[in-house]
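Take a look at the structure below. Then follow the text through it, part by part.

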Amino acid sequence: MAQLTYTGITSLDGYIADREGNFSWSEPDEEVHAFVNDLEREVGAYLFGRRMYEVMAAWESLGGNGEPGYIQDYARIWQTADKVVYSTTLTTASTARTRIEPVFNPEAIRQLKESSSREIGVGGATLAASVLAAGLVDECRLFLNPVVVGGGKQYLPDGLGLKLELLEERRFGNGVVYLRYRTLP
């Protein structure tokens, strides 16, 4: 059975984007990006909401020969993974290996976990909130940035109750801290 992980780059106060939707403060440096690449290398499929998919779709054309090695590496990881996009407004995908699902179906995700041998990643806070509420997330992985943005799009939704066990932590030279938690029943 595949493990389902929710990974996010957040501000210290728990936001993935500020009130204006800006997340440029979260751009990982080479050290953090290489670490993320090593985590994401295990992912065989991504589950995205529409907005996160539209941001991540840029990786379909990034990673050319003129790009740094860690960027080329992530582009290959993105391009070889399957993608499922949950959207009521998209009808076609702009990237390869992508299918659009108009409705979030927890049972379909359970079946995907049971039939997959590789990790499944969920991206996008709105979709992740639904996946978390359905009890389908096995691990939460946070990259805490040393910045406070004061509001915006939260990594974890209000009203969600979760018990977590810390499995791993790591500090990076730029002040980012990585935290890996297992969700508990």
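**A buried tyrosine and its partner**

Tyrosine 155 has a relative accessibility of 2%, so tyrosine 155 counts as buried. The model in which this residue sits is a predicted one. The cut-off for buried is under 20% relative accessible area.

Tyrosine 6 lies in strand S1. Tyrosine 155 lies in the loop between strand S8 (152–154) and S9. The pair therefore ties together parts that are 149 residues apart in sequence. Tyrosine 6 is also at 2% relative accessibility, so tyrosine 6 counts as buried.

The structure holds 11 aromatic pairs. Another of them joins phenylalanine 143 and tyrosine 178. This pair is tilted, with 4.8 Å from centre to centre and 35 degrees between the planes. Here, too, distant parts of the chain are linked. Phenylalanine 143 belongs to strand S7 (residues 139–145), and tyrosine 178 belongs to strand S10 (residues 177–184). The two are 35 residues apart. Are these two residues buried or exposed? Phenylalanine 143 has 1% relative accessibility, so phenylalanine 143 counts as buried. Tyrosine 178 is buried, with a relative accessible area of 0%. Both residues belong to one aromatic cluster, formed by Phe35, Phe143, Phe172 and Tyr178.

**The sheet**

Now turn to the strands. An open sheet holds 8 of them, in the order S5-S4-S3-S6-S1-S7-S10-S9. The pairing in this sheet is mixed. Which strands form the edges? They are strand S5 (98–101) and strand S9 (163–171), and each pairs on one side only. On average, neighbouring strands of the sheet are turned by 20 degrees against each other, direction ignored.

Strand S3 (residues 43–49) pairs with strand S4 (residues 82–86) in the parallel sense, over 5 bridges. Within this pairing, alanine 45 has aspartate 82 in S4 as its bridge partner. Leucine 47 stands opposite valine 84 in S4. S3 also pairs with strand S6 (residues 119–123), in the parallel sense and over 5 bridges. There, phenylalanine 48 stands opposite glycine 123 in S6.

How many residues of S3 are buried? The count is 7 of the 7, so S3 is largely enclosed by the rest of the structure.

At 0% relative accessibility, serine 11 counts as buried. Serine 11 and glutamate 139 are 128 residues apart along the chain, and their C-alpha atoms are separated by 19 Å.

**The pocket and the cavity**

Next come the spaces between the parts. The largest pocket has a volume of about 1300 Å³. Its lining is made up of 46 residues. Phe23, Met52, Val55, Met56 and Gly124 lie nearest its centre. Which elements give two or more residues to this lining? The strands are S1 (4–11), S2 (15–18), S3 and S6. The helices are H1 (30–40), H2 (50–56), H3 (69–80) and H5 (125–133). By class, the lining has 25 nonpolar, 16 polar and 5 charged residues.

There is also 1 cavity of 30 Å³ or more. The largest cavity holds about 30 Å³ of space. It is lined by Ile9, Ser26, Glu27, Pro28, Val32, Phe143, Asn145 and Val176. The lining of the largest cavity has 5 nonpolar, 2 polar and 1 charged residues.

**Helix H5**

One of the helices that line the largest pocket is H5. Which residues of H5 are buried? They are Ala125, Leu127, Ala128, Ala129, Val131 and Leu132. Glycine 135 follows H5 and has a positive phi, near 75 degrees.

Key
Residues are numbered from 1 along each chain as its sequence is written. This is a predicted model: local features need pLDDT of at least 70, side-chain atom pairs count only at pLDDT 80 or more; totals for chains, interfaces and linings use all residues. Side-chain values use heavy atoms; hydrogens and water are left out. Two strands pair if DSSP finds at least two bridges between them. Helices (H or I, at least four residues) and strands (E, at least two) are DSSP runs, numbered from the N terminus. Axes are lines fitted to C-alpha atoms, for helices over the stretch in contact, and angles run from 0 to 180 degrees between N-to-C directions. Buried means under 20% relative accessible area, exposed over 50%, partly exposed in between (1.4 Å probe, protein chains only). On a 1 Å grid over the protein atoms alone, a cavity is a set of points where a 1.4 Å probe fits but cannot get out, and a pocket is an open set with protein on both sides within 12 Å along at least five of seven lines; lining residues have an atom within 4 Å of a point. Grid points are joined across faces, edges and corners, and a volume is the space filled by probe spheres set on the points. Ala, Val, Leu, Ile, Met, Phe, Trp, Tyr, Cys and Pro count as nonpolar, Asp, Glu, Lys and Arg as charged, and the others, Gly among them, as polar. Rings of Phe, Tyr and Trp (its six-membered ring) pair if their centres lie within 6.5 Å; planes under 30 degrees apart count as stacked, over 60 as edge-to-face and the rest as tilted.
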